[in-house]
Amino acid sequence: MASAKQRAAARRNIKKAATAARRKRTISRLPKKTRTALGKQAAAVAKRKRTGGTHPKTKSELMKIAQKRGLEGRSKMGRDELARKLGEK
């Protein structure tokens, strides 16, 4: 049997946990407008990383080029290997 002091402490702990859970700001709890803005921002950063570097193209872009050139075994290759075979790297 728990004492009154233990019950009060347990009640306090439960309230603290509930408050922390409500205060938690994960992406899924953010408003849709904010989530969309974050996604667009991340896409822009990824695009900047792709352009002008040693690996300017995505795997899907490299796959299209490989298909046009008739490169054998392209479906089993990764992005880096495709870039090497196509002379992109």
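## Helix H4 and its cover

Helix H3 (59–69) is part of what covers the buried residues of helix H4, where cover is counted by contact, meaning heavy atoms within 4.5 Å. Helices here are DSSP runs of H or I with at least four residues, strands are E runs of at least two, and both are numbered from the N terminus. This is a predicted model, in which local features need pLDDT of at least 70, side-chain atom pairs count only at pLDDT 80 or more, and totals for chains, interfaces and linings use all residues. Residues are numbered from 1 along each chain as its sequence is written, and side-chain values use heavy atoms, with hydrogens and water left out.

H4 spans residues 79–86, and Leu82, Ala83 and Leu86 are buried in it. Buried means under 20% relative accessible area, exposed over 50%, and partly exposed in between, with a 1.4 Å probe and protein chains only. The three lie on the same side of H4 because they cover an arc of only 100 degrees around the axis; the arc is taken from the directions from the helix axis to the C-beta atoms. Arg84 and Lys85 are exposed on the face turned away from the buried side of H4.

## Helix H3

In H3, the residues Leu62, Ile65 and Ala66 are buried. They are on the same side of H3, because their arc around the axis is only 100 degrees. An α-helix has 3.6 residues a turn, so residues three or four places apart point the same way.

The face of H3 turned away from its buried side holds exposed Lys64, Gln67 and Lys68. H4 is included in what covers the buried residues of H3. Glycine 70 follows H3 and has a positive phi, near 75 degrees.

## The nonpolar core

Eight residues form the largest nonpolar core: Leu62, Ile65, Ala66, Leu71, Met77, Leu82, Ala83 and Leu86. Such a core is a set of buried Ala, Val, Leu, Ile, Met, Phe, Trp, Tyr and Cys residues joined through side-chain atoms within 4.5 Å. H3 and H4 are the elements that give two or more residues to this core.

## The whole protein

The protein has four helices and zero strands, in the order α-α-α-α from the N terminus. Of its 89 residues, 11% are buried. Among contacts between residues at least 6 apart in sequence, 18% join residues at least 24 apart.

The accessible surface comes to about 7,600 Å², and carbon and sulfur atoms account for 54% of this surface. Areas come from the Shrake-Rupley method with a 1.4 Å probe; for residues, only the protein chains shown count as cover.
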